[in-house]
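Keep the structure open as you read.

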Amino acid sequence: MTGRQVAALVVLLASQFMMAADFSVLNVALPEVGTALGFSTGNLQWISTMFALCAAGCTLVFGRVGDYVGRRRIFTAGMVVLAVSSLVGGLADSPTMLLVARTLQGLSTAAVTPAALALLTTAFTEPSLRTRALGLNSVMMSSGFSVGAILGGVLTDVFSWRWAFFINVPVAVAAILVVPLVVDETKAEQRSRIDLPGAVLITLGLFAAIYGVTRVGEGGLDLPAGTALIAAAVLLGAFWAVESRTDDALVPVRILKKPDIALGNLAALFIFGGETALIFFTGLYVQNVLGLSSMVAGLVLLGIGVGQIIAGMVGPRILQRVSPRIMLGVSLALQGAFMLPALWATSDRQWLIPLIATQFLNAFFSMTAALSFMVIATSSVDSDMQGMATGMATQSQQVGIAIGIPLVSAVFAATIGRGTVTTAAELTGIHVAIGVDACCQIAVGLLLWLVLRRKTVQQ
């Protein structure tokens, strides 16, 4: 890499890490935020949900807009919004003010993440360098979520929950100043009109789907949840119909019909959704079953972070020898397999050591799966559609992160039932939730391995 490429890589990866960490940085501080600002218990979850709705619902639209108006321009605008919204969040004195800040943070994530990824893929066109850059990007995206939870706990314990917002401001300002100096502007060579009907349908459809899933995870399948899920099905069906008949489609149907693109993005839902659910239930196990502090829970998650970092370093070398199609299915199946030992965890604190060891291996294969997915998702389209491809890939990650915890939490809630919950019942619920999570990943991983292996052999 040239010096300019190294500088561009550093600033873009730092932004990706920060955006991923933003998703979870307030999770461990939610009780304190609720007490400080007067959130009711039932409304507290909206601090995370509003961020997830906007981040997942608008990513694809902003990715495609970046193809037209310039990816660096969208990146910079998103960073400006992040700096302002983080300042507003840190100064918030009411629930409404905080939720507005989280909404704007979600929108900034939807703008910055695909733009940064598209800038990476266009800056590194040589295959080995692109694979290395994508490997490091996957490290930042995946580890950012777990590190965000740790960082939120540390900032809250040492300073205040408000610093979970304030810490973004200097980083965003630095990115705004440095990016124009080290990153070249890129955009699609052939410009066409923006597909507004498609943008509205996909955004509203994903909003409805994520809201419905989140609602089911919290209180079961009630009328609002059922209505939202039906609306999501109708809107997404309409999106497919519109895209099939539009010349300048937001997501050309021919792209979705490519097995690599379709199956890769399907895998991302399970890679990121499964891993974030595991992180959530690991924290629950350490704090509620073992009775340890949130700080200790964060330290336990370091095993996941280390596994992801090591895999991000060696993964590109593995992919030089093994087809990403083969690696994707195998890695996803192994990601699920190394969740299974947690089913034997007890309330004995000695289980922390085998838990950390198995989660290290789980995280390693989660990262190699994420890297394989990203290589597949961005290598199957030409440069004019990189914003769309990276937007779709990023959106799959964000949707997976947004729905993973609510879906697995619904299994947990159904297992423990209502009323007073004992530690033993909670442990049983964690076992069942992680077991379902693991089995889904193993099943999808084996299916992808069979399908993509056959395609690789045929070529």
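A quick definition before we start: on a 1 Å grid over the protein atoms alone, a cavity is a set of points where a 1.4 Å probe fits but cannot get out, and its lining residues have an atom within 4 Å of a point. Grid points are joined across faces, edges and corners, and a volume is the space filled by probe spheres set on the points. This is a predicted model, where local features need pLDDT of at least 70 and side-chain atom pairs count only at pLDDT 80 or more, while totals for chains, interfaces and linings use all residues. Residues are numbered from 1 along each chain as its sequence is written, and side-chain values use heavy atoms, with hydrogens and water left out.

Searching the whole structure turns up 4 cavities of 30 Å³ or more. What lines the second largest cavity? Its lining is made of L278, F281, T282, Y285, A342, A345, L355, Q359, I430 and I434. Helix 12 (259-289), helix 16 (352-379) and helix 18 (423-458) each give two or more residues to that lining; helices here are DSSP runs (H or I, at least four residues), numbered from the N terminus. Helix 12 supplies the largest share, 4 residues. By class, the lining has 8 nonpolar residues, 2 polar and no charged. For that count, Ala, Val, Leu, Ile, Met, Phe, Trp, Tyr, Cys and Pro are nonpolar, Asp, Glu, Lys and Arg are charged, and the others, Gly among them, are polar.

On to the packing. Two packed helices are described by the angle between their axes and the distance between the axes. Axes are lines fitted to C-alpha atoms, for helices over the stretch in contact, and angles run from 0 to 180 degrees between N-to-C directions.

Helix 12 also packs against helix 15 (residues 324-337), at an angle of about 25° and with the axes 11 Å apart. That makes the two roughly parallel, a label for angles under 35 degrees, with over 145 counting as roughly antiparallel, 65 to 115 as roughly perpendicular and the rest as oblique. On the helix 12 side, D260, G264, A267, F270, I271 and E275 make the contact, and on the helix 15 side R325, L328, L332 and Q335 do; contact means heavy atoms within 4.5 Å. These residues split into 5 nonpolar, 2 polar and 3 charged.

Now jump to helix 4 (residues 71-91), whose axis comes within 8 Å of that of helix 8 (residues 168-182), crossing at roughly 160°. Helix 4 and helix 8 are therefore roughly antiparallel. Among the residues that meet here are F75, M79 and L82 in helix 4 and A172, I176 and V179 in helix 8. The whole contact counts 12 nonpolar, 3 polar and 1 charged.

Helix 4 has another partner in helix 5: their axes come within 7 Å and cross at roughly 155°. That makes helix 4 roughly antiparallel to helix 5. Their contact has 17 nonpolar, 7 polar and 2 charged residues.

Finally, find T103 in helix 5 (residues 95-123). T103 and F51 sit 52 residues apart in sequence but 5.3 Å apart in space, C-alpha to C-alpha. Setting aside neighbours within four places in sequence, T103 touches M50 and C54.

Terms used
On a 1 Å grid over the protein atoms alone, a cavity is a set of points where a 1.4 Å probe fits but cannot get out, and a pocket is an open set with protein on both sides within 12 Å along at least five of seven lines; lining residues have an atom within 4 Å of a point.
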